[in-house]
Amino acid sequence: MIRVALVDDEPLFTAGLAMLLGAQPDIEVAWQAGDGGQALRRAQSDPVDVILLDVQMPGLDGLATTRRLIEAGAQGRIVILTTFDTDGYVMGAIEAGAAGFLLKNTAPERLIEAVRTVHAGDSVISPGPTRRLLTAVRAGQVEQTRIQPPPLPGGLTERETEVLALVARGLTNQEICDRLWLSMATVKTHISHLLAKTGARDRVQLVLLALRTGVVELDELLAETAP
């Protein structure tokens with residue numbers, strides 16, 4: 001059972017979301033909070049697996065709450081769920097440690113699947129914010145390449161680097177299995193080694209690493225995420 005918490009200052013929205021998620025056989029909505037302060041207290045007293053967190057709330061906003069939850073060692077993985085598709089929110093959420101960034105107009109079935117995906121250890125970002133994230137990274141890399149492109153962390157094997165490139169291109173574990181003719185267990189082992197060797201928290205962090213170190217080309221990824 002996946003235990004979920006909802007943090008939003010719009011009670012009608014959280015009530016509807018609770019009904020949607022609570023109707024799933026493998027998801028339980030453990031608690032709801034109306035602002036970041038309440039969320040911090042509830043997360044400490046009643047840890048959950050996934051926290052869906054709004055950005056704009058009274059008091060502590062969603063990004064600050066995410067940082068505080070990560071610093072406090074919260075067990076649950078955090079997904080920012082918002083109506084605001086802006087560069088600052090997307091980059092801020094990922095840098096704060098969120099495992100996902102979804103817009104509130106995400107289709108119900110995609111939202112339910114996103115909860116399961118994040119709980120399984122992967123990351124999710126809506127298509128629009130994904131493009132904004134890549135564009136922002138490209139802008140940052142232009143400045144970096146004038147000095148010195150950062151190297152890949154040492155110790156990555158050729159196969160691990162190959163898997164990293166495919167993760168950055170958005171392939172799922174099954175698609176990587178099919179592309180490289182590997183078993184699912186082997187692909188999971190490679191990704192586990194990548195996370196450990198690079199210090200990345202999740203697949204989103206691996207994508208950023210691949211972009212910043214030149215493992216994949218930014219223009220290629222932007223073309224793949226084009227509407």
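## Close-up views of a predicted model

**View 1. Helix α2 and its buried side.** Helix α2, residues 36–45, buries Gly36, Gly37, Ala39, Leu40 and Ala43. These residues lie on the same side of α2, because they cover an arc of only 165° around the axis. Look at the face turned away from that buried side and you will find the exposed residues Arg41 and Ser45. Please keep in mind here, and in every view below, that this is a predicted model. The cover over the buried residues of α2 includes the strands β1, β2 and β3, together with helix α3.

**View 2. Ala43, a residue of helix α2.** Ala43 has its place in helix α2. Is Ala43 buried or exposed? With a relative accessible area of 14%, Ala43 is buried, since buried means under 20%. Leaving aside neighbours within four places in sequence, Ala43 is in contact with Trp31, Ile51 and Leu69. A handy distance to check on screen is the one between the C-alpha atoms of Ala43 and Ala72, which are separated by 9.7 Å. Ala43 and Ala72 are 29 residues apart along the chain.

View 3. Val48 sits in the loop between α2 and β3. Its relative accessibility is 5%, so Val48 counts as buried. Which residues does Val48 touch, not counting residues up to four places away in sequence? They are Arg3, Val4, Ala5, Ala30, Trp31, Gln75 and Gly76. Trp31 is 17 residues from Val48 along the chain, and the C-alpha atoms of Val48 and Trp31 are separated by 8.8 Å.

**View 4. Gly76, a contact of Val48.** Gly76 is among the residues that Val48 touches, and it lies in the loop between α3 (62–71) and β4. Gly76 is buried, with a relative accessible area of 9%. Not counting residues up to four places away in sequence, Gly76 touches Val48, Asp49 and Val50. Val118 is 42 residues from Gly76 along the chain, with 9.8 Å separating the C-alpha atoms of Gly76 and Val118.

View 5. Six strands form an open sheet in the order β2-β1-β3-β4-β5-β6, with parallel pairing. β2 (27–33) and β6 (124–125) stand at the edges, and each has a single partner strand, so one side of each is left without a neighbour in the sheet. Zooming in on one pair, strand β1 (residues 2–7) and strand β3 (residues 50–53) are joined in the parallel sense over 4 bridges. Val7 is found opposite Leu53 in β3. Helix α1 (residues 11–22) lies across β1, β2, β3 and β4 (77–82), and runs at about 165° to β2.

**View 6. Helix α9, end to end.** How many residues does helix α9 have, and what should they span? The helix has 15 residues, 184–198, which at 1.5 Å a residue should span 21 Å; its end C-alpha atoms are 21 Å apart, which agrees. Val187, His190, Ile191 and Leu194 are buried in α9. Their arc around the axis is only 95°, which puts them on the same side of α9. In general, residues three or four places apart in an α-helix point the same way, because there are 3.6 residues a turn. The face of α9 turned away from its buried side carries the exposed residues Ala185 and Ala196. Covering the buried residues of α9 are elements including α7 (158–168), α8 (173–180) and α10 (203–212).

View 7. Trp181 belongs to the loop between α8 and α9. Its relative accessibility is 77%, so Trp181 counts as exposed. Its backbone deserves a look as well: phi of Trp181 is near 60°, a positive value in a residue other than glycine. Most residues other than glycine have a negative phi. Just after α9, Gly199 takes a positive phi of about 75°.

**View 8. The whole protein, for orientation.** The protein comes to 11 helices and 6 strands. Of its 227 residues, 46% count as buried. The accessible surface is about 11,100 Å², and 53% of it belongs to carbon and sulfur atoms. Among contacts with a separation of 6 or more, 66% are between residues 24 or more positions apart.

How values were computed:
Residues numbered from 1 in each chain as written. Predicted model: local features only at pLDDT ≥ 70, side-chain atom pairs only at ≥ 80, totals over all residues. Heavy atoms only, no water. Helix = DSSP H or I, 4+ residues; strand = E, 2+ residues; numbered from the N terminus. Expected span 1.5 Å × (residues − 1). Buried < 20%, exposed > 50% of the residue type's maximum accessible area, 1.4 Å probe, protein only. Arc of directions from axis to C-beta. Contact = heavy atoms within 4.5 Å. Areas by Shrake-Rupley, 256 points an atom, 1.4 Å probe, with all protein chains shown as cover. Pairing = 2+ DSSP bridges. Axes fitted to C-alpha atoms, helices over the stretch in contact; angles between N-to-C directions.
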